[in-house]
Structures are given as structure tokens and as C-alpha cells.
Amino acid sequence: MQKAQPVLGGDAGPLQEEEVPPRPAWTSKAQYILAQLGFSVGLGNVWRFPYLCHQNGGGAFLLLYLLLLFLLGIPLLFLELAAGQCLRQGSVGVWRSISPRLAGIGLASCLVCMFVALYYNVIIAWSLLYLARSFQHPLPWQSCPSAGPNRTEPECALSSPTTYFWYRETLDVTPEMGVGGGLQPALVGGLLGAWALVGASLLKGIKSSGKVLYVSTLFPYLVLFCLLVRGLLLEGAPEGIRIMFTPKVSAWGTAQAWRQAATQVFFALGLGFGSVIAYASYGTRRSDCHRDAVLVAGLNALTSLLATLVVFAVLGARATRRTQHCLRRNAELVSRALAVGELPETARPPGNLTALPAPQYSAWLRGLPPALRDALGVTDCRLEEEMNKGVEGPGLAFIVFTETLTLLPAAPLWSTLFFLTLLGLGLGTMLGTVQAVLTPLLDAFPVLRRRRALLTVLCCTGGFVLGLPFAQRSGSYLVAAFDDYVATLPLLAVAACEAVAVAWVYGAERFLAAVWEVTGHRPWQLYGPLWRFGSPGAMVALLGASLGQLALHPPTYQAWDRATATSWRRPYPPWALALTLGLMVVAVLPIPLVALRRILGPPRDPPGPRGQGEERGEEEEEEEGESMADPAAPAAPPAPASLPGRAGRRPIGGRRGALLPDWPRCLRRERRPLAVRGGRSRVAMGTLGHHVDAGQ
């Protein structure tokens, strides 16, 4: 029968045990890695990383990203993997086990995941709408709609067919955030379908979600590779790749490049959400979590590189096409001016404009007097400027990519594959986000484990209802606000508290020694100083820089103006700014509230006679000593050399004068052999855990 799992209490009192069913587990190591990879690799790898790479030095940003990945990303990812795998609980239970005063860290993670789930599923709904329209030929965003006999819709003519379809057909967006505009029926249907997909994937826990992850995680790689091969065949694609890999080392001297690279490392790995901890809690306890962290982080970086190659190939082709169109337009204007004698002989171009190299054309244009340049109406046609247009956020996927896909043969097929890729990337991240909310609930309330399906349906139903404001005609503005501030800044505070909890409250060396004992794999000792100083310092610096930028530059959002058919930046209305700041405070509020409640609240007396816990602990130690001395019993493997001695006792927090073992009492369990299989002893490694599953 499954060994009883302790119900963790406060700083004082013995462990109370309760019979619980065995914890679910991944069917294979490959499924576990795919789950972690599917959560970490998301839509940001496709539309945020390429933009940051282009804006911060190209190849120089790639090197900076890899450097911070090893110094910041992998240590924090390993911390969360080790904590979840050894303690085998969700985010709330993990930090409560290390110290009851730290349970607020897990609660904050759950709140942030709830906020993320509300708006992230709207992005999946957008992908579903485009996927449903991709089966038409020709594609509905391939040309402008007609506004009458021989007339084109003016708003579409001023922008482009893909831009018009995004803002007017899909979103039917309002001119500002303050105008709700009512629900968009198509978006409501897409949101319902997105939550139905999430609920069906999680209905049977990790058994059903694990099977879905095989498709949602692997399929995007196949499509991205196909898009890369097809994109490299487009005219101008090599030029886009060249711009991507051209390093601008001067970017290393700017604070913006370091801040954005560190932020991308942090959010690319999904740190602070609690999803990594939740997935790791269902993994094999003896697995090498350090190797898993390096593997997941490396595959994530390779995915970002692959997606960036695809994006820059597409952007290069698009920018080349637009540059050629600009040159043809300018050539017509100059030819018309030459025909009527409006262009002086000294201002004539040195040859055919359409055949001039870009540097020579720019030099001729800069040599024209400003008044003459304005009178002619010619513009500078630069490839780099065209690549900067519409390469950030959803516009990259729903405007730029869709525009390029219409030029390919069998455009509906490529469009279907592309939006299936977005659906797979979004679904993998969404499953991890919702799982980070469900796992702490199932751990805290064992009765819910017998009602897992009902709990999943209720959570998905609640998410759909609470997500309806994002399905309004102004909902895209709310999505941008949540993505930029509500779901980002609180996670920095959560990650900083996680590093402090392990490095300063529990002890970095003790944590590393415990992981070595539980998993049997020795981690790098370098993680100790990184957790103590590097990770908290980086998180605090990032949080301070982000808050400073928020204070110095009031946030703005990109609104759509129908009259001019252009997007422009507008400041947040006061109510939206107050809502954003209020939700950010609510997300991090559990951390100080739980800590203050534990510190200022009355001490909890242990149940039973006073001293029962100490007597039980001594009996366990005596029993362990007898079993270890028994020659008939199999010998346990020696403890690591750096493992603190059990005899050494010192005050660790709590009440004055309370002497606890060098391992926190709430984490200490018996460490004696259980059984012998195949000539090897199976030892109950309980320093960082509470029970050993029969199958692991």
C-alpha cells in the first residue's frame, strides 16, 4: 500500500499522516521532457525573440542571450525542477515545506497563472479563427473587399488586405480602450473552442495531457522546418538572414539590450509560473534534474533560433518586395517630373532608379534639396526600415506572415499548417499554465483527486466566463496590457523570492546536498553562489529597471485609427492604469501577507502531549541506527561528503530557543533501507521528500 504522506504543518508540531492515493506519474521520460518543453516553448519564441534580436544587435543579442541563459536561466530552472521533483508537490506545497512562511510564493504563482490563462487563451482563439478561414480559396485576407461597383474598401486600400482583415474582420477593434464595443461573436466562439480544447486535454490529468503533448510539441517543429526550407527559396530571404546574423557589438554597451535579453531568458523558460514545479512533481524522483534543466533550456534556445531564421527569411522576402515597390513608385514620380521639366539637370538620378543599389539610391536622395524632395514625393526605400515594420507581437503572425503566405503556391495549405503551429505552441503553454493551478488544489484538498474531471471542467468554465472581457471589440488592448505588465512584473518578484527561499532560508549548500542524496546525481557547486547573489540580484535589477521605466515613461498601447488606416500609440486611460497596477499588487500580495500572518500569529501547539514530536524524532533516529547496524539489513549508500551531520543542531528560525535538526524538521523523514531488488538497496531518501512511490 502507498506509504502515508505527511500533511505539513507549521514550524512546530509533529507530522500528521494521512492516507492518500498514489501520485500520478508520466508514462515515460520522453513525455516528461516534452511536457516541460511544450510549456516553455510558446508564442513568444515566434514573435518576440526575433524582434528583440533585430532591435538589439542581431548576432550580438544571440550571444548575450546565450550568456544570460547559462548564468541566470538554467540555475533557476534547475532550482524549480529539483524542488518539484524531490518534494513531489505543487508550487504552494513546495515552498510551504521549506518554510510555512513562504507559502505565499506558491499562492502568488497561482494568481499569476490565473491571469495568464485568462488572456493567453484569447490568442489561441485568434489562431482558431484564422485556422477556420484558411480552408478557403482564395484566402479571405488575400485581397481587399469591394465597397461597391469598381470600388475598393477605402480603409483596406490605405493599409493592406492582411492588416484590414486583422483589425476589422477578426477583431473589429474599437478606436480606443475606453470604448468596449460589446462582445465580438466570432471571438466568443473561438474562446469557447479554445477552453474546450484545454479542458479535453486535461480531463484525465497528465495521462491525457501527456498524449496531447506528443502532437502539440512535436508538430510545430516539423512545420517550422518546412517553412524555413520554403522561406529560403523566396527572393530576398538570404538578405533577411544576413541582417539577422550581422552583429552590432555596440549593443552590449546599452542597458536596454541586457534588460531585454534577461527578460527574454526569464520568460522563455516559464520561470516563476509554478508550471515547471507542477510538471516535475509528477516525474521520476531519481531522475537527473540538472541534466533535464540543461536539455530543456538548450532545446528552447534552439527553438528560438529556428523560429528566428524562419521569421527573418519571411521578413527579408517581404521587405525586398516592398522596397522594389517603393523604387518603382519613385521611378514613376521622377520620370513624370523629368517629362514636364520639374527636375533640374543636377538633381537627375545616376541611371535607372529601379536598378540602383540601395546605398547609391539613398545617397542620391539625400543630395536632393528638402523642398524638391517633398515636391516630388519620393521616399527613401531602405530594406532595413521595411523589416522594422510590423515585426513585434501578434502583428508578426497575423499580418506579416499571412501577407507572405498569400504569395506561396497552395497558400491555403501553408496557412493551415502555420496556424496549426501557433495552435500547438499556444496549447502546450496553456496546458502547463492551467496545470500549475490545478496541482496545488489537488495537493491541498485530497478529496478533489476523486473529482479531478469535475474540477477541470469547473476551472475551464470559470476561465471562459472570466475571459469574456478579452473577447470584446476592445479586448486586444486588454490582452496587450496583461501581457506587458500584469503577467510579467509579478513573476520577477516571485522568482527573486524563490532564489532567496532556497539560498538564504533553506541554505544553498544544504539544498544541493539534499538533491544529491535524493536523486543520486551531484549538481554543480557553482549554483550555490549563483542562487545566493546572481539570481536575486538579477531579478531585483530587472524589477527595478522595469518599474523605473514604467514611472518615467507612462505606458501606452497601440490603437487603430479607421480614418487614416494606421496604428498609433495612445496613453492608458486612468481606469486602465489603476486596474493594471492593482492586479500587479494583488498578484504579489500573498507573499508578504502569508509571511506576516505566520510571524505575528499565535504559535501553533502540536497535537498530543508536549514533546511528542521530539520523542518520536529520537525514536526514529534510534530505529535507524539499529537497522543500519544490523548485518542482515542491506547497507544504505553513504551520504555525500558535503552533507551536514545529523547530530549537529542549531537554531533555525521559529521560536526563540527552538532547536531543530540541521535538516528542517518538516522535511526530515526516516532514511533506512526499504527493500532489496536485483541486489541493490532501495533507500527512502526523504531529506527533501516525504514518501517513495512503490514504482520509483
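The legends below describe close-up views of a predicted model.

**Figure 1. Overview of the protein chain, with 26 helices and 10 strands.** Of the 696 residues in the chain, 54% are buried. Among contacts between residues at least 6 apart in sequence, 78% join residues at least 24 apart. The accessible surface of the chain comes to about 30,000 Å², and carbon and sulfur atoms account for 63% of this surface.

**Figure 2. Helix H5 (residues 91-98) and the helices that cover its buried residues.** Seven of the eight residues of H5 are buried. These are Ser91, Val92, Gly93, Val94, Trp95, Ser97 and Ile98. The cover over the buried residues of H5 includes helix H4 (59-87), helix H6 (103-133), helix H13 (275-280), helix H19 (411-444) and helix H22 (489-519).

**Figure 3. The largest nonpolar core, of 180 residues.** Trp95 and Trp531 touch the most other members of this core. Helix H6 supplies the largest share of the core, 18 residues. Apart from this core lies another, of 16 residues, including Leu343, Ala347, Trp364 and Val378.

**Figure 4. Surroundings of Trp531.** Leaving aside residues up to four places away in sequence, Trp531 touches Pro75, Leu76, Phe78 and Leu79, among other residues. Further contacts of Trp531 include Ala499, Val502, Ala503, Ala508, Phe511 and Leu512. Pro536 is also touched by Trp531.

**Figure 5. Ser127 in helix H6.** Ser127 has a relative accessible area of 1% and is therefore buried. With residues up to four places away in sequence not counted, Ser127 touches Phe398, Phe419, Leu422 and Leu423.

**Figure 6. A nonpolar patch on the surface.** The patch is formed by Leu63, Leu66, Leu67, Phe70, Leu71, Val249, Trp252 and Trp258, which together have about 770 Å² of accessible area. Helix H4 gives the most to the patch, with five residues. Val249 is found in the loop between helix H11 (237-245) and helix H12 (255-268). The relative accessible area of Val249 is 52%, so Val249 counts as exposed.

**Figure 7. The disulfide between Cys144 and Cys156.** A search of the whole structure finds one disulfide. The S to S distance between Cys144 and Cys156 is 1.9 Å. The link is left-handed, with -80° about the S-S bond. Cys144 is in the loop between H6 and strand S3 (146-148), while Cys156 is in helix H7 (residues 154-158), 12 residues apart. Cys144 is partly exposed at 26% relative accessibility, whereas Cys156 is buried at 1% relative accessible area.

**Figure 8. Cys86 and Cys459, with their closest cysteine sulfurs.** Cys86 is buried, with a relative accessible area of 0%. The closest cysteine sulfur to that of Cys86 belongs to Cys289, and the 5.7 Å between them is too far for a bond. Cys459 is likewise in no disulfide, with the sulfur of Cys460, the nearest from a cysteine, 6.9 Å away. At 26% relative accessibility, Cys459 is partly exposed.

**Figure 9. The salt bridge between Asp292 and Lys29.** The structure holds 12 salt bridges. In this one, the closest N and O atoms are 3.1 Å apart. Because Asp292 lies in helix H14 (residues 289-340) and Lys29 in helix H1 (residues 29-40), the pair ties together parts that are 263 residues apart in sequence. Asp292 is buried, with 2% relative accessible area, and Lys29 is partly exposed at 35% relative accessibility.

**Figure 10. The salt bridge between Arg242 and Glu239 in helix H11.** The closest N and O atoms of this pair are 2.4 Å apart. About one helical turn separates Arg242 and Glu239, because they are three residues apart in H11. Both are partly exposed: Arg242 has 39% relative accessibility, and Glu239 has a relative accessible area of 29%.

**Figure 11. The salt bridge between Arg318 and Glu403.** The closest N and O atoms are 3.4 Å apart. Arg318 in helix H14 and Glu403 in helix H18 (residues 394-405) are 85 residues apart, and the pair links distant parts of the chain. Both Arg318 and Glu403 are buried.

Technical notes:
Residues numbered from 1 in each chain as written. Predicted model: local features only at pLDDT ≥ 70, side-chain atom pairs only at ≥ 80, totals over all residues. Heavy atoms only, no water. Buried < 20%, exposed > 50% of the residue type's maximum accessible area, 1.4 Å probe, protein only. Helix = DSSP H or I, 4+ residues; strand = E, 2+ residues; numbered from the N terminus. Contact = heavy atoms within 4.5 Å. Areas by Shrake-Rupley, 256 points an atom, 1.4 Å probe, with all protein chains shown as cover. Patch = residues over 30% accessible without salt bridge, like charges linked within 9 Å, V, L, I, M, F, W, Y side chains within 5 Å. Salt bridge = Lys/Arg side-chain N within 4 Å of Asp/Glu carboxyl O. Core = buried A, V, L, I, M, F, W, Y, C linked by side-chain atoms within 4.5 Å. Disulfide = S-S within 2.5 Å.
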